[in-house]
Amino acid sequence: MIPVVYWEPTKKTYPVERDRVLLQSLLQKGAPVEFECQFGHCRKCIVHLKEGFVRHEDSQGITEEEKKQGFILLCSAKPCSENLSLAPLKND
Ligand code: FES
């Protein structure tokens, strides 16, 4: 099965690839995601993983405590469950 991301703000689902970071797949599918550096540093792509599991690369832009609380960086995480639900944080 192809993993599917439910993007909470638009209430749309997007199929994503297991071997690509979520940011790349979501951008390719036209999802309205925020990003900047694309290498785990700026935190623009931080989201709350409300459902599902990911493999997260080591990244300076997120702490282990944040990961335990369910936050991920889209540019540093690959899907490893079939259904994921994501909600962006407000970057005010
Ligand atoms: S785009 Fe900068 S941390 Fe993900």
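**Reading the fold**

Guide: From the N terminus on, the elements of the chain run β-β-α-β-β-α-β-β-β. Here helices (H or I, at least four residues) and strands (E, at least two) are DSSP runs, numbered from the N terminus. The chain has two helices and seven strands. This is a predicted model, in which local features need pLDDT of at least 70 and side-chain atom pairs count only at pLDDT 80 or more, while totals for chains, interfaces and linings use all residues. Residues are numbered from 1 along each chain as its sequence is written.

Visitor: What makes the chain as compact as a globular protein of its length?

Guide: The radius of gyration is taken over C-alpha atoms, and the globule rule is 2.2 Å times the number of residues to the power 0.38. For 92 residues the rule gives 12 Å, and the chain has a radius of gyration of 12 Å, close to that value, so it is as compact as a globular protein of that length. Along its principal axes, the C-alpha trace spans about 30 × 25 × 20 Å.

Visitor: Why is leucine 49 called buried?

Guide: A residue is buried if 20 or more other C-beta atoms lie within 10 Å of its own, exposed if 12 or fewer, and partly exposed in between, with C-beta atoms placed from the backbone. Leucine 49 has 21 other C-beta atoms within 10 Å, and therefore counts as buried. Leucine 49 belongs to strand 3. Of the 92 residues of the chain, 30% count as buried.

Visitor: Which residues does leucine 49 contact, leaving aside its neighbours within four places in sequence?

Guide: Two residues are in contact if their C-beta atoms, placed from the backbone, lie within 7 Å. With those neighbours left aside, leucine 49 is in contact with Val54, Gly70, Ile72, Leu84 and Leu86. Phenylalanine 39 is ten residues from leucine 49 in sequence, and the two are 19 Å apart in space, C-alpha to C-alpha.

Visitor: Why is proline 3 called buried?

Guide: Proline 3 has 21 other C-beta atoms within 10 Å, so it is buried. Its place is in the segment before strand 1. Leaving aside neighbours within four places in sequence, proline 3 is in contact with Val16, Arg18, Pro79, Ser81, Glu82 and Leu84.

Visitor: Why do glutamine 38 and arginine 43 count as partly exposed?

Guide: Glutamine 38 has 17 C-beta neighbours inside 10 Å, so it counts as partly exposed. Arginine 43 has 19 other C-beta atoms within 10 Å, and is therefore partly exposed as well. Glutamine 38 lies in the loop between helix 1 and strand 3, and arginine 43 is found in that loop too. Although it is not a glycine, glutamine 38 has a positive phi of about 70 degrees; for arginine 43, also not a glycine, the positive phi is about 75 degrees.

Visitor: How do you know that strand 1 and strand 7 pair?

Guide: Two strands pair if DSSP finds at least two bridges between them. Strand 1 and strand 7 have four bridges, in the parallel sense. Tryptophan 7 stands opposite leucine 86 in strand 7. Strand 3 and strand 7 also pair over four bridges, but in the antiparallel sense, and there the partner of glutamate 51 is serine 85 in strand 7. Strand 1 and strand 2 (residues 12–15) likewise pair in the antiparallel sense over four bridges.

Visitor: What makes strand 2 and strand 5 the edge strands?

Guide: Five strands form an open sheet in the order 2-1-7-3-5, with mixed pairing. Strand 2 and strand 5 are the edge strands, as each pairs on one side only.

Visitor: What is the largest nonpolar core, and how many residues has it?

Guide: A nonpolar core is a set of buried Ala, Val, Leu, Ile, Met, Phe, Trp, Tyr and Cys residues joined through C-beta atoms within 7 Å. The largest has 23 residues, and those with the most contacts inside it are Val5, Leu22, Leu23, Leu26, Cys45, Leu73 and Leu74. The elements that give two or more residues to this core are strand 1 (4–7), helix 1 (22–28), strand 3 (46–51), strand 5 (71–73) and strand 7 (83–88). In soluble globular proteins, nonpolar side chains tend to be buried together.
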